[in-house]
Amino acid sequence: MSIYQFDHLVHFVDHPLDAMEQLRRIGLHVVEGGRHETYGTYNTLSYFDLSYIEIIGTFDKKLVEAAAGIEHSLRETFVDRNYAEGLTRVAIRTNDIEADAKRFKENGLNVNGPLPLSRRRPDGKLITWRLLYVGTNHNTLELPFFIQWDDEDEDRKEELIEQSVIAEHSNGNLAIDSIGFAVADLQQTVETWTRYFDLEKGDSFIDDHLNASAQTLILKGGNLTFYSPLGEGKVKEVLNQHGEAPFTVDFSGANQKGQFHILGAQYRYI
């Protein structure tokens, strides 16, 4: 069985450089990422150890749409959402992406990949990795996609620290506590993700602020929490406007608590 860790959360925005400045103002360390030359996108990045948020936008929608023909791909999600700003998908890091592809096929999932990808950093270095997209013909909440970096984790971390990509956040020693998803059927979604990805269940609770029932799945580097509405509130609003999707990211370790709504996403210091 592969070892899974949270890798990154994708926040789609119209202008990643403008978003970078907004996120810096709420206490996050954010840096320029690079361009995916053949896929029409570019990004900025905010790291929390090796977990990170990718703030991504387009520089050429024709290239994006050409790449969107890959079923369950990230670019397909951008196009299907009509390039709406907000949180879109999560990526899980794996140590054996070939074995994952085989296992997911055996479990009846549609599988595309592993696919080799790359981007060029502002300093000119080419970063390479492989992606695996999985899904079903009937899931309304897109499943995670999977990533295996070509460099070892410790080597990547050392280099990212040297490049000041991993650095102190101005609002404290922050870590990603959890990514929150709005879902219609809490129990069914949790059981599906538990079965496919062998994730351990954590706390179940009521979030009074969101007016929703919730269940957490444990994932090193950033848990996954699913919220189902109990009535009017943010979760019901997300379902009505976007359908089932991630909508919030919670951080631990903040010097100052609070929440911020930025470009279709909710950032919470808990």
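This briefing describes aromatic contacts and nonpolar cores in the structure above. The model is predicted, so local features need pLDDT of at least 70 and side-chain atom pairs count only at pLDDT 80 or more, while totals for chains, interfaces and linings use all residues. Residues are numbered from 1 along each chain as its sequence is written, and side-chain values use heavy atoms, with hydrogens and water left out.

**Aromatic pairs**

- The structure holds 20 aromatic pairs. Rings of Phe, Tyr and Trp (its six-membered ring) pair if their centres lie within 6.5 Å; planes under 30 degrees apart count as stacked, over 60 as edge-to-face and the rest as tilted.
- One of these pairs joins Tyr-4 and Phe-146 in a tilted arrangement, at 5.3 Å centre to centre and with 50 degrees between the planes. Tyr-4 lies in the segment before strand E1 (5-12) and Phe-146 in strand E8 (residues 145-149), so this pair ties together parts that are 142 residues apart in sequence.
- Strands (E, at least two residues) and helices (H or I, at least four) are DSSP runs, numbered from the N terminus.
- Tyr-4 is buried, with a relative accessible area of 10%, and Phe-146 is buried at 0%. Buried means under 20% relative accessible area, exposed over 50%, and partly exposed in between (1.4 Å probe, protein chains only).
- Phe-251 and Tyr-267 form a stacked pair, 6.0 Å centre to centre and with 20 degrees between the planes. Phe-251 belongs to strand E13 (residues 245-254) and Tyr-267 to strand E15 (residues 265-269), so the pair links parts 16 residues apart in sequence.
- Phe-251 is buried, with a relative accessible area of 0%, and Tyr-267 is also buried, at 1%.

**Charges over rings**

- The charged end of Lys-61 sits over the ring of Tyr-83, 4.3 Å from its centre. This requires NZ of Lys or CZ of Arg within 6 Å of the ring centre and within 35 degrees of the ring normal.
- Arg-195 lies over the face of Tyr-196, at 5.0 Å from the ring centre.

**Nonpolar cores**

- A nonpolar core is a set of buried Ala, Val, Leu, Ile, Met, Phe, Trp, Tyr and Cys residues joined through side-chain atoms within 4.5 Å.
- The largest core has 48 residues, of which Leu-28, Phe-226 and Phe-251 touch the most other members. Helix H6 (residues 186-197) gives the most to this core, with five residues.
- A second, separate core of 24 residues includes Tyr-47, Leu-50, Tyr-83 and Ile-166.
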